[in-house]
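Trainee: I have a model open and want to work through it with you. Where shall we begin?
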Amino acid sequence: MFKGFTRFLQSPGERLKSLFGPETSSGGGPELRIIPRQEHPVSRQHFSDAALKVLYRLHNAGYEAYLVGGCIRDSLLGRMPKDFDVATDATPEQVKELFRNSRIIGRRFRIVHVRFGREVIEVTTFRGKPSDDHGDHIAQQSDEGLLLRDNVWGDIQEDALRRDFTINALYYSIADFSIHDFADGVRDIEARTLRLIGDPATRYREDPVRMLRAVRFAAKLDFHLDPATEAPIHELAPLLLQIPPARLFDEILKLFMGGHGLETFHLLRHYGLFAMLFPEADEAMAELPWAERLVELALESTDRRIAEERPVTPAFLFAALLWGPVQLRQVAHERDGMPPIPALQAASQQVVSRQLQHISIPKRFSLPMRDIWDLQQRLPMRRGRRVYQTREHPRFRAAYDLLLLREGAGELAPGLGDWWTAFQQADEHEQRRLLDKAGANPAGSGAPRKRKRRRRKPRGPSSDS
Ligand code: ATP
Ligand code: MG
């Protein structure tokens with residue numbers, strides 16, 4: 001399908017220049033290159049009907065209209081775009097007037113959502129330079145350089161330079177189907193390089209979430225970070241603490257539920273970003289030998305499920321991410337004399353409320369997450385009716401999955417997971433046999449390894465495993 005483009009990839013730059021002669025842009029930055037339709041493989045067939053409708057209606061009303069960002073980047077890489085972003089010189093109000101099915105959203109960054117059934121097309125008005133004095137203070141910056149608002153309109157060239165990475169500043173024109181490359185994005189796509197436009201430290205200060213985006217795209221596209229783009233991340237990572245928890249929640253879902261969660265996690269840890277998002281989980285990974293492995297296993301299984309197009313829930317992932325800190329706190333409470341069940345509840349409560357200061361986890365995920373934790377205490381209780389109640393719990397399956405990961409990570413000795421596997425597959429007769437077996441050996445397999453030394457006063461002479 002991308003035969004033409006392969007050719008284009010093999011003979012980049014020079015050929016383009018000689019054929020089309022670059023239009024010179026002002027200010028010594030990269031030059032604008034316009035790649036005509038016959039020289040690139042991006043076709044209208046890659047775009048949804050909804051995206052095309054939006055483009056054509058804007059165009060027919062006399063506005064400029066381009067597809068920009070991930071959809072063009074992904075098409076050039078031979079991937080099917082998953083959503084569509086449109087850039088235009090029409091203001092949000094003008095866009096809204098053209099589409100009955102549209103809504104202006106956002107304050108910090110006003111855009112229009114045009115809805116077609118389940119699909120939403122994001123329409124963004126060209127942004128100008130925030131530092132320009134436009135009189136009415138529609139761009140705001142904090143003392144640290146953080147962009148608080150960015151609603152200064154500009155032209156397409158200014159808009160391109162306000163975008164994050166060069167590969168995200170490619171515009172597909174509906175007027176003549178050409179691609180406008182303002183920042184040498186095509187060159188960076190060929191070299192599989194993520195490069196911020198402009199001075200990296202300044203761009204991260206304007207919006208620290210760009211550090212997360214860098215890591216996300218690196219993992220998703222299998223790109224490397226340009227050294228200058230990479231260099232400031234470690235030092236600037238704490239700027240993420242300024243980002244509103246609700247925005248971070250959205251980013252976390254994209255980071256961990258985009259199909260490349262494991263690789264993303266390793267990069268986040270490598271750059272010191274993970275500790276800014278999940279400080280207690282990061283601490284637990286330093287203290288508990290199994291905590292990091294548990295998260296890796298959870299992400300591996302999430303990635304696998306996404307590849308197989310099976311459903312995934314953030315509740316399960318958060319349950320695994322935060323299980324380490326829950327255990328640290330539970331053990332501490334028990335050491336102070338609290339019985340296990342209230343100790344787990346207190347620990348859960350504390351871990352959730354501390355985590356919410358960083359990332360807002362909606363109740364529809366945090367409540368099931370806590371159920372999954374509670375069930376960890378019920379899974380070892382294998383007597384009589386309780387077993388059936390546990391089995392019928394709506395979160396049983398997720399709790400059982402977490403139990404398997406805990407065994408896999410070495411937190412628990414294996415055994416209990418197998419028992420539950422067998423129990424689920426068994427007929428009534430076999431289930432009764434399994435219950436008898438468990439009843440005869442209630443404290444058998446599944447006992448936490450680390451708890452062997454938990455009590456202050458050991459009953460017998462202490463024996464290490
Ligand atoms: P994907 O949709 O695959 O996650 P994307 O690049 O389309 O990737 P979006 O979040 O949809 O990402 O953003 C669309 C475009 O808006 C980006 O390609 C980029 O040009 C611009 N953009 C998004 N977020 C930022 C940001 N924080 N700073 C600068 N530009 C941004
Ligand atoms: Mg997008």
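Mentor: Start with a cut-off: exposed means over 50% relative accessible area, and buried means under 20%. Keep in mind that this is a predicted model.

Trainee: Is glutamate 309 buried or exposed?
Mentor: Glutamate 309 is found in the loop between helix H16 (291–307) and helix H17 (314–335). It has a positive phi of about 55°, although it is not a glycine. Its relative accessibility is 73%, so glutamate 309 counts as exposed.

Trainee: How many helices and strands does the chain have?
Mentor: Take the overall figures together. Of the 465 residues in the chain, 50% are buried. Among contacts between residues at least 6 apart in sequence, 67% join residues at least 24 apart. The count of elements is 23 helices and twelve strands.

Trainee: In what order do the eight strands of the open sheet run?
Mentor: Work in from the ends. The edge strands, S1 (33–35) and S4 (102–105), each pair on one side only. From one strand to the next, the twist averages 30°. The pairing is mixed, and the order is S1-S10-S9-S2-S3-S6-S5-S4.

Trainee: Which residue in S9 is the bridge partner of tyrosine 66?
Mentor: Look at strand S2 (residues 65–68) from both sides. Four bridges join S2 to strand S3 (residues 85–88), running antiparallel, and there alanine 65 has threonine 88 as its partner. Three bridges join S2 to strand S9 (residues 170–173), again antiparallel. In S9, the partner of tyrosine 66 is serine 173.

Trainee: What about S9? Which residues lie on each side of it?
Mentor: Both faces of S9 are covered, and the four residues named for them are all buried. Leu170 and Tyr172 are on one side; on the other are Tyr171 and Ser173.

Trainee: Which residue in the turn of the S9–S10 hairpin has a positive phi?
Mentor: S9 and S10 pair in the antiparallel sense over three bridges. Tyrosine 172 stands opposite isoleucine 179 in S10. Five residues lie between the two strands of the hairpin. The residue with a positive phi, about 65°, is not a glycine but phenylalanine 177.

Trainee: Which residues does arginine 406 touch beyond four places in sequence?
Mentor: Arginine 406 lies in helix H21 (residues 396–409). At 5% relative accessibility, it counts as buried. The residues it touches are Leu294, Trp323, Gln376, Glu411 and Leu412.

Trainee: What distance separates the C-alpha atoms of alanine 237 and leucine 277?
Mentor: Alanine 237 lies in the loop between helix H11 (233–236) and helix H12 (245–256). At 1% relative accessibility, alanine 237 counts as buried. Its contacts beyond four places in sequence include Tyr271, Gly272 and Met276. Alanine 237 and leucine 277 are 40 residues apart along the chain, and their C-alpha atoms are separated by 9.8 Å.

Trainee: Last, the ligand. Which residues coordinate the magnesium ion?
Mentor: The ion is ligand 2, and its donors are OD atoms at 2.6 Å. The coordinating residues are Asp83 and Asp85.

Key
Residues numbered from 1 in each chain as written. Chains lettered and ligands numbered in written order. Predicted model: local features only at pLDDT ≥ 70, side-chain atom pairs only at ≥ 80, totals over all residues. Heavy atoms only, no water. Donors = N, O, S within 2.8 Å, 3.2 Å for Na, K, Ca; no water. Pairing = 2+ DSSP bridges. Axes fitted to C-alpha atoms, helices over the stretch in contact; angles between N-to-C directions. Buried < 20%, exposed > 50% of the residue type's maximum accessible area, 1.4 Å probe, protein only. Contact = heavy atoms within 4.5 Å.
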